[in-house]
Amino acid sequence: MANIELIKKRISDAIKTSGLTQTKLAEMLAVSPSCVAHYVKGDIMPSIPTFVDLCLLLDVDPADLLGLKD
């Protein structure tokens, strides 16, 4: 089952693996850098359209990011 702690860790890991900075990722997602920082901290979750774009930009399977596959 998905949980916020797992999702925020996987978002953080995927960003690190991608080589993108949070600032560059924010620019590509058309959100503020602080918004991406909040995703990483687990304070907020991206909207569904932003989540889809995040997965595409980071080249990760949404199910993996949500912890639905293990």
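A salt bridge here is a side-chain nitrogen of Lys or Arg within 4 Å of a carboxyl oxygen of Asp or Glu. By that rule the count comes to 4 salt bridges. Keep in mind that this is a predicted model, where local features need pLDDT of at least 70, side-chain atom pairs count only at pLDDT 80 or more, and totals for chains, interfaces and linings use all residues. Residues are numbered from 1 along each chain as its sequence is written, and side-chain values use heavy atoms, with hydrogens and water left out.

Q: What makes Glu-5 and Lys-8 a salt bridge?
A: Their closest N and O atoms are 3.3 Å apart, and the rule asks for within 4 Å, so the pair counts as a salt bridge.

Q: Why are Glu-5 and Lys-8 said to be about one helical turn apart?
A: Because they sit 3 residues apart in helix 1 (residues 4–18). Helices are DSSP runs of H or I, at least four residues, numbered from the N terminus.

Q: Why is Glu-5 called exposed?
A: Its relative accessibility is 51%. Exposed means over 50% relative accessible area, buried under 20% and partly exposed in between (1.4 Å probe, protein chains only), so Glu-5 counts as exposed.

Q: What labels do Lys-24 and Glu-27 get for accessibility?
A: Lys-24 has a relative accessible area of 37%, so it is partly exposed. Glu-27 is at 55%, so it counts as exposed.

Q: What makes Asp-43 and Lys-41 a salt bridge?
A: The closest N and O atoms are 3.9 Å apart, which is within the cut-off, so this pair counts too. Asp-43, at 48% relative accessibility, is partly exposed, and so is Lys-41, at 47%. Lys-41 lies in helix 3 (residues 33–41). From Lys-41 to Ile-4 there are 37 residues in sequence and 9.4 Å in space, C-alpha to C-alpha.

Q: Why is Leu-56 called exposed?
A: Its relative accessibility is 63%, so it counts as exposed. Leu-56 is placed in helix 4 (residues 48–58).

Definitions and conventions
Helix = DSSP H or I, 4+ residues; strand = E, 2+ residues; numbered from the N terminus.
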